[in-house]
Amino acid sequence: MSRVHTLVAVISILALGLMPQSAEAECTAGATRSSTMSNGCVMREVCNNRTWEPLGCSGTRTCTGCGGKQGTQTCDEDCGTSGCNVGPETCNNCDDNGDGSIDNAWNNSNHNSLAEACNPNACGQGGTRTCTAGIWSACTGCGGVAACVGCDSKPGTRACASDCSAAPRCNAGAEACNNCDDDGDGLVDESLTRNTCSSPVGCSGLETCVSGQYVCKFQAGTRRTCWELGVSCPDSTAECRADGSAGPCQPATARPEDCNSCDDNLDGVVDNAPGGMTGSITRSCTNSVGECSGVSQVCEVRLSNGGVWLDNRWGVCVGPAETCNGEDDDCDDDIDEGDVCRSDTTACCVPVSQEAACRGKDCGPVSDGCGGTYDCGTCPMGDPCFRNYCCQPNPETGGC
């Protein structure tokens, strides 16, 4: 120890009142001795020029430190004591190792914040966190990827961010049609297509993966000519729907509705009366007798297996029901036929006159409306009587 250090130590000891109570005035040169100070430190001295000079202090003593834990204090050369050391420094807002700093670590003789490695998601590159006032910071500095198990138990990876978080979904490879998010982008079976396809009526589509299976997704809005669909609707096309079926055949411009398997007026319904359903259109017509009040035709609707309208056509002329009134109500050239005027009903039957019954007829029997008949005469020169009309005979059939 230099004289300067010796002088400093003596002054410190005197200031602290730590000098032993008894010291000899003279001593043998080179002799040494030790004595315990009041603070528990052991002071060593050497005799120099017949005077005891301090060599410094050493030793430890027990103490109570952070959290009430028992520790030790170490004596320095100046006979002072360190802080209470209860163990390695931890993140607890306390000076565990008694070095005078809280939650610190030594680095090249400098006090730094306490830090440790961290890797909460087992990333390829771990990070670090630091302690401030007893609280660990978030883990930062991570990188690379973390291993995970993805679709169908396949191994995959999750990308790690610098804040040490990992992607929420596992990337186990390229997307496959298996009702699972293989590539971890949050979408299932997205953008997976393969072969072209078509519906029974010829609407085109593309096989697309839906819920783990390839199904034909049709291109709604495309149009096909009606002759391709086998529908005899001239100059018309039909729109393909999303389910692969075809809509009604429609001309390029609207025209009056007719019974022809077409949506002529472009209202979306085939062969319909205004506001009605398919086949609701009707028209007046003429039968063999001629045009008759109340006689009409309905549109007969025929469907193919594919749900496409095919060859709708007008039905037969149908008149109103016959009633007992001396008139040909149903326009079938017979008056009050079918016993509509039977005399055994609850109402008394009044037969029509022969003049009225035979009006417009040439020959043969006609009903009087009450179960009887009138004779409307015979045809001249042996001509046949057909449905109360005289006609020229047909040599092949014997009729008219």
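1. Let's start with T32, which is found in strand β1, residues 32-36. (Strands here are DSSP runs of E with at least two residues, and helices are runs of H or I with at least four residues, numbered from the N terminus.) Bear in mind that this is a predicted model, where local features need pLDDT of at least 70, side-chain atom pairs count only at pLDDT 80 or more, and totals for chains, interfaces and linings use all residues. Residues are numbered from 1 along each chain as its sequence is written, and side-chain values use heavy atoms, with hydrogens and water left out.

2. What does T32 touch, leaving aside residues up to four places away in sequence? The list is E45, V46 and W52, where contact means heavy atoms within 4.5 Å. T32 and W52 are 20 residues apart along the chain, and 8.2 Å separates their C-alpha atoms. T32 itself is exposed, at a relative accessible area of 57%. (Exposed means over 50% relative accessible area, buried means under 20%, and partly exposed is in between, using a 1.4 Å probe and protein chains only.)

3. E45 comes back in a salt bridge with R33, with 2.8 Å between the closest N and O atoms. (A salt bridge is a side-chain nitrogen of Lys or Arg within 4 Å of a carboxyl oxygen of Asp or Glu.) The pair links distant parts of the chain, with R33 in strand β1 and E45 in strand β2 (residues 42-48), 12 residues apart. Is E45 buried or exposed? E45 is buried, with a relative accessible area of 4%, while R33 is partly exposed at 22%.

4. How many salt bridges does the structure hold? There are 7. Another one to look up joins R129 and E116, whose closest N and O atoms are 2.4 Å apart. R129 lies in strand β10 (residues 127-132) and E116 in strand β8 (residues 115-118), so this pair ties together parts that are 13 residues apart in sequence. R129 is partly exposed, with a relative accessible area of 26%, and E116 is partly exposed too, with 31%.

5. Then there's K154 with D182, a salt bridge at 3.4 Å from N to O. Here the pair links distant parts of the chain that sit in loops: K154 is between β12 (143-149) and β13 (155-159), and D182 is between β13 and β14 (193-198), 28 residues apart. D182 is buried, with a relative accessible area of 0%, whereas K154 is partly exposed at 29%.

6. On to the cysteines: a search of the whole structure finds 20 disulfides, counted as pairs of cysteine sulfur atoms within 2.5 Å. One of them joins C66 to C94, with 1.7 Å from S to S. Its torsion about the S-S bond is about -100°, so the disulfide is left-handed. C66 lies in the loop between β4 (60-64) and β5 (70-74), and C94 in the loop between β5 and β6 (104-107), so the pair ties together parts that are 28 residues apart in sequence. C66 is buried, with a relative accessible area of 8%.

7. C118 and C139 form a disulfide as well, with their sulfur atoms 1.9 Å apart. This link is right-handed, with 95° about the S-S bond. C118 is in strand β8 and C139 is in the loop between β11 (135-136) and β12, so to speak distant parts of the chain, 21 residues apart. Both cysteines, C118 and C139, are buried.

8. A further disulfide joins C203 to C240, at 2.1 Å from S to S. The torsion about its S-S bond is about -90°, so the disulfide is left-handed. Because C203 lies in the loop between β14 and β15 (204-210) and C240 in the loop between β18 and β19, the pair ties together parts that are 37 residues apart in sequence. C203 and C240 are both buried.

9. Last, a sheet. Three strands form an open sheet in the order β17-β18-β19, with antiparallel pairing. The edge strands, each pairing on one side only, are β17 (223-225) and β19 (250-251). (Two strands pair if DSSP finds at least two bridges between them.) β17 and strand β18 (residues 236-239) run antiparallel and are joined by 3 bridges. Which residue stands opposite R224? A238 in β18 does.
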